[in-house]
Amino acid sequence: MAIVEVKVPQFSESVSEGTLITWKKKPGEAVAIDETLIEIETDKVVLEVPAPAAGVMAQILKGDGETVVSEELIAKIDTDASAQVSPLQVTAVPAAPAPAAVAAAPAAGGNKGDVAMPAAAKILAEKGLSATDVAGSGKDGRVTKGDALAAAAKPAVAAAPIAVPAAPAVAKPLPAVAAPVTQSLGERPEQRVPMTRLRARVAERLLQSQSTNAILTTFNEVNMAPVMEMRKKFQEKFEKEHGVKLGFMSFFVKAAVAALKKYPVLNASVDGNDIVYHGYFDIGIAVGSPRGLVVPIIRNADQLSFADIEKTIAQFGAKAKEGKLSIEELTGGTFSISNGGTFGSMLSTPIINPPQSAILGVHATKDRAVVENGQVVVRPINYLAMSYDHRIIDGREAVLGLVTMKEALEDPARLLFDI
């Protein structure tokens with residue numbers, strides 16, 4: 001018998017612990033090398049733990065929802081055992097009901113097979129259903145996991161005295177380390193769901209920002225027509241040449257960098273009684289993900305081309321949806337940009353992302369009536385908002401910094417010539 005240990009990956013210095021979400025394998029089940037065994041949620045990212053070797057899951061030492069630290073032993077794999085029988089089928093997690101109790105002998109007139117697969121048997125047992133009540137679609141009439149889920153989703157014949165409406169469907173629900181608790185209050189149901197570690201961390205940092213920074217917000221409006229015209233003119237050639245679409249965010253990133261170069265305090269941070277001026281420009285882009293708000297960092301944005309920025313943003317968006325962003329991609333940053341306009345926001349006051357001292361809020365571009373040369377004309381206007389830490393940034397630098405961004409966007413040729 002050869003035992004291979006499964007350990008928690010090494011966390012970065014900024015992450016001290018994580019939470020096990022849900023084991024994908026149980027003791028006694030076959031495991032393929034590099035197959036994902038469990039996901040670990042930290043306050044920044046969700047890490048996948050792959051199987052270091054093929055074999056049989058011999059033992060699980062840490063159950064769902066438990067807290068773990070770097071390099072901690074959480075399971076063991078027997079590389080010599082068979083998937084049918086394993087002498088080490090011991091687990092700290094409560095064992096699932098025996099499939100035999102669910103896959104009982106068929107009643108008269110029942111399905112031909114009426115035998116539930118192991119995963120289906122567990123679901124049926126949890127829902128108090130019998131395999132004889134479910135039409136199996138598997139081989140020889142076996143009840144598959146899909147059959148069990150479909151049966152569990154059907155409303156019960158005998159309704160409870162007080163019906164509780166089902167919660168609204170969510171495309172990809174947030175993972176919870178504990179099962180949600182639903183309270184029946186007639187037509188006013190409530191559901192209590194524990195915060196994920198990521199959501200709790202976001203809440204903590206936002207409260208920290210509000211309590212430690214002297215936040216003030218300045219606003220300005222930008223005529224986006226020049227950017228829209230340039231984008232329309234070069235979109236097709238740009239995409240053909242670089243394999244990525246030319247979006248608006250690369251213009252906002254370049255405009256922000258221009259302002260940060262001109263007013264370095266906007267790119268600074270507070271460390272005790274010191275002001276730390278950063279000689280580099282790492283721009284955080286706030287991205288919504290199924291697990292919550294994350295802010296991946298575009299490193300050295302001043303040295304990147306429009307195409308480089310667009311490719312990086314596209315990669316961040318894809319990784320955020322899949323929960324694949326690494327801790328390194330989420331750590332650091334000297335300035336942030338939040339684009340509420342993608343959701344239709346007209347105006348907002350963004351909250352600073354500590355330890356940064358300023359953040360730019362971008363909103364939806366809409367046709368609005370404005371006055372130019374004494375005439376009322378219609379222009380595509382975007383309202384920009386920049387929140388800043390008034391402890392180190394005076395109104396003059398904040399306002400002029402936002403004006404610099406406005407001027408760069410209204411005359412995008414400035415961005416090409418760095419003027």
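M346 is located in the loop that connects strands β19 (335-339) and β20 (358-362), where helices (H or I, at least four residues) and strands (E, at least two) are DSSP runs numbered from the N terminus. The model is predicted, so that local features need pLDDT of at least 70 and side-chain atom pairs pLDDT 80 or more, while totals for chains, interfaces and linings use all residues. Residues are numbered from 1 along each chain as its sequence is written, and side-chain values use heavy atoms, with hydrogens and water left out.

M346 is partly exposed, at a relative accessible area of 48%; buried denotes under 20%, exposed over 50%, and partly exposed the range in between (1.4 Å probe, protein chains only).

In the chain as a whole, 10 helices and 22 strands are present. Buried residues account for 40% of its 419 residues. Among contacts (heavy atoms within 4.5 Å) between residues at least 6 apart in sequence, 63% join residues at least 24 apart.

The interior was examined next. A nonpolar core is a set of buried Ala, Val, Leu, Ile, Met, Phe, Trp, Tyr and Cys residues joined through side-chain atoms within 4.5 Å. The largest such core comprises 73 residues, of which W23, V253, I283, F335, I337 and M405 touch the most other members. Helix α6 (residues 249-262) gives the most to this core, contributing nine residues. At least three residues of this core come from each of domain 1 (3-78) and domain 2 (201-416), with bounds taken from an automatic or database domain assignment. When residues up to four places away in sequence are not counted, V253 touches I283, I285, I298, A301, I309 and I337. Another core, of seven residues, lies apart from it and includes I123, A131, V134 and V143.
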